[in-house]
Amino acid sequence: MGKSKIYRLFTAVALYLVLPLAGAGCVSTKQVASKPQLRIIPEPVNMVVDLEQEPAVVGVEYAVEIPEGYTQSRGQIILQPVLTDGVNSTPLTAVYINGTKFEQREQRAGQSGKGAVTDYSQSIKTVDDGSGELVGVLDVVPFEDWMALADVVVKMSYRERDRTTYLYDRSVGGDIVFLLPPVDNPEPEVVAEVVELGNVREDDPVEKIFDFTYAIGSSSLDAEYDNNGMQIAGLNRLLSTLQAGDLLLDNIKITGYSSPDGPYEANHRLAGLRAEAVKSYIVNNSNIDPYIMEVEVVDEDWRGLNELIMYFDIEHQQKILDIIEGHATPQQKEAQLKAMPEQYKFIKDNYLPRLRRTTCRIYLN
């Protein structure tokens, strides 16, 4: 699964509900509750829906940073993330951070057969010896339509002996990136013909695809925006390999897109500038001849919007598809969609950001 803008449905909540515990337990709980909330990296977390899988899946990837001296030696910190839209929910992998004395106590209880021992079979466990660490988490679960508007909420609790105290909920969900199945766009066949001993054979080049997204009205290739950082890192690795001569480059095709909203002239200009931004990046970071780069522009990506509408259930779906696939002008189509305010807001918030993009296809021999 390759590791897209869905807006937040939840706001971060910090409720420190510290229940009184007897003796030293009360002190430990208050000490944990008084500390800063654990850092989640990145925040918002990465959420990717892979529609090329059958059935589709959603991946949630992040890391939990445990500072030095954060966990009480005799306690256990529990992070239980949940993917939820407020109505539906799917639990994700829990993270247990055990203090050294808590871990020793659990081991003794397990060996003696007495006392409750935590079931770690569907979770991640780490023992914090006070030096701190970074715990990586990757969940992949079957995708359901409601998850397109879901958020990741982490519930944090503290356990000491047999007493568990709820500390807080925290919303850490991020932008959902949709990996769309290949669209049957008419592409020129890319074939390298090699003549050997009078015989002709065809070698299909390897195709590497990089997708970059842009803020509304922007043509700047921002590494901090959306999933661009990962895409740029992958592109840089490929450019370095080409520079070293380990791979042979056939050609590069760069297509700039704009979303089908707003003035057509502005969208045409934006799509072109977005494509040129990627071309300039490649030229400035490699020795690749710009003349082998083919640049195309898709002024307003109605076809991409059509694909998104088809793949996800939305109220009045067929009516929306009829508008998009009709013969009206782009301005008329946009006006007809805006006449359905609830559905258009959903499209504007969730689908249009994914269409402000540049696709860079690099063909290698």
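1. Buried means under 20% relative accessible area, exposed means over 50%, and partly exposed lies in between (1.4 Å probe, protein chains only).

2. A word on the model before we go on: it is predicted, with local features needing pLDDT of at least 70 and side-chain atom pairs counting only at pLDDT 80 or more, while totals for chains, interfaces and linings use all residues. Residues are numbered from 1 along each chain as its sequence is written, and side-chain values use heavy atoms, leaving out hydrogens and water.

3. Now look at α7. Lys 333, Glu 334 and Leu 337 are buried in this helix. Seen down the axis of α7, its buried residues fall within an arc of 95 degrees, so they line one face of the helix (the arc is that of the directions from the helix axis to the C-beta atoms). The buried residues of α7 pack against α5, α6 and α8.

4. How do α6 and α7 pack, and at what angle? The angle is about 165 degrees, and the axes are 9 Å apart. Axes are lines fitted to C-alpha atoms, for helices over the stretch in contact, and angles run from 0 to 180 degrees between N-to-C directions. The two helices, α6 and α7, are therefore roughly antiparallel to each other, a term for angles over 145 degrees.

5. Which residues make this contact? Ile 320, Ile 323 and Ile 324 in α6 meet Lys 333, Gln 336 and Leu 337 in α7. The residues of this contact divide into four nonpolar, one polar and one charged. Ala, Val, Leu, Ile, Met, Phe, Trp, Tyr, Cys and Pro count as nonpolar, Asp, Glu, Lys and Arg as charged, and the others, Gly among them, as polar.

6. Finally, two loop residues deserve a look. Most residues other than glycine have a negative phi. Asp 226, however, has a positive phi near 55 degrees; Asp 226 sits in the loop between β13 (206-213) and α3 (228-243). His 316 has a positive phi of about 60 degrees and lies in the loop between α5 (302-311) and α6 (317-325). Asp 226 counts as partly exposed because its relative accessibility is 23%, and His 316 counts as partly exposed at 44%.

How values were computed:
Helices (H or I, at least four residues) and strands (E, at least two) are DSSP runs, numbered from the N terminus. Angles under 35 degrees count as roughly parallel, over 145 as roughly antiparallel, 65 to 115 as roughly perpendicular and the rest as oblique. Contact means heavy atoms within 4.5 Å.
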